[in-house]
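Hi there,

Here is the structure I promised to pass on to you. Have a look at it first, and then read on for my notes.

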Amino acid sequence: MILTEWLSWRTGVVRRRLEHRLSKVLDRLHILEGLMVAYLNIDEVIAIVRGSDDTTQARHRLIVAFELSRIQADYIQEMPLRRLTKFSKLELETEGEELRERIADLTEILHDKGR
């Protein structure tokens with residue numbers, strides 16, 4: 001009985017950890033997708049930010065122009081421009097693929113009933 005309870009508790013702990021990791025990876029992938037849009041349209045992003053009266057207007061214009069989420073638009077606005085220019089399309093795509101693989105692995109583990 002005690003062993004069964006401990007195993008149940010431990011399974012719950014592991015599941016919550018995996019769900020937390022999956023959530024963090026999904027969040028990073030979401031940001032990365034926004035960075036890819038900004039990287040591919042860097043001149044337009046700069047023009048929107050420079051042509052806006054304040055950060056709220058810039059955020060709104062980025063969201064409308066590129067169909068970004070608020071989180072993506074905020075991240076793009078808060079990051080130093082030099083970081084965006086240092087990225088390469090290949091680096092962004094590579095990280096995106098790694099994140100997608102990690103998501104697939106974590107999802108598979110979470111949905112495996114035998115574990």
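Trp9 sits in helix H1, which covers residues 2-40; helices here are DSSP runs of type H or I with at least four residues, numbered from the N terminus. Together with Leu3, Trp6 and Leu7, Trp9 makes up a nonpolar patch on the surface, and the four share about 470 Å² of accessible area. A patch takes residues with over 30% relative accessible area and no salt bridge, and nonpolar side chains (Val, Leu, Ile, Met, Phe, Trp, Tyr) are joined within 5 Å. The areas come from the Shrake-Rupley method with a 1.4 Å probe, and for residues only the protein chains shown count as cover.

Before going further, please keep in mind that this is a predicted model, in which local features need pLDDT of at least 70 and side-chain atom pairs count only at pLDDT 80 or more, while totals for chains, interfaces and linings use all residues. Residues are numbered from 1 along each chain as its sequence is written, and side-chain values use heavy atoms, with hydrogens and water left out.

Next, the salt bridges. The structure has 7 of them, each being a side-chain nitrogen of Lys or Arg within 4 Å of a carboxyl oxygen of Asp or Glu. Side chains of opposite charge can pair when their charged atoms come close.

One of these salt bridges joins Asp74 and Arg59, with 2.5 Å between the closest N and O atoms. This pair links distant parts of the chain, since Asp74 belongs to helix H4 and Arg59 to helix H3 (residues 55-66), 15 residues apart. Are the two partners buried or exposed? Asp74 is buried at a relative accessible area of 18%, and Arg59 is buried at 15%; buried means under 20% relative accessible area, exposed over 50%, and partly exposed in between (1.4 Å probe, protein chains only).

Helix H6 (residues 89-111) holds both Lys89 and Glu93, 4 residues apart, or about one turn of the helix. Their salt bridge has its closest N and O atoms 3.9 Å apart. Lys89 is partly exposed at 40% relative accessibility, and Glu93 is partly exposed at 36%.

Glu97 and Arg100 also both lie in helix H6, 3 residues apart, again about one turn. Their side chains meet in a salt bridge at 3.8 Å, N to O. Glu97 counts as partly exposed at 45% relative accessibility, as does Arg100 at 39%. Glu33 joins Glu97 and Arg100 in a network of salt bridges. Arg100 is also 8.4 Å from Val25, C-alpha to C-alpha, although 75 residues separate them in sequence.

Finally, what lines the second largest pocket? The lining consists of Val45, Ile46, Val49, Arg50, Ile76, Gln77, Met79, Leu81 and Leu84. A pocket is an open set of points on a 1 Å grid over the protein atoms alone, where a 1.4 Å probe fits, with protein on both sides within 12 Å along at least five of seven lines; lining residues have an atom within 4 Å of a point. This pocket holds about 150 Å³ of space. Helices H2 (42-50), H4 (70-78) and H5 (81-86) each supply at least two lining residues, and H2 gives the most, with 4. By type, the lining has 7 nonpolar residues, 1 polar and 1 charged.

Enjoy exploring!

Best wishes

How values were computed
Grid points are joined across faces, edges and corners, and a volume is the space filled by probe spheres set on the points. Ala, Val, Leu, Ile, Met, Phe, Trp, Tyr, Cys and Pro count as nonpolar, Asp, Glu, Lys and Arg as charged, and the others, Gly among them, as polar. Patches are made of residues with over 30% relative accessible area and no salt bridge: like charges are joined within 9 Å, nonpolar side chains (Val, Leu, Ile, Met, Phe, Trp, Tyr) within 5 Å.
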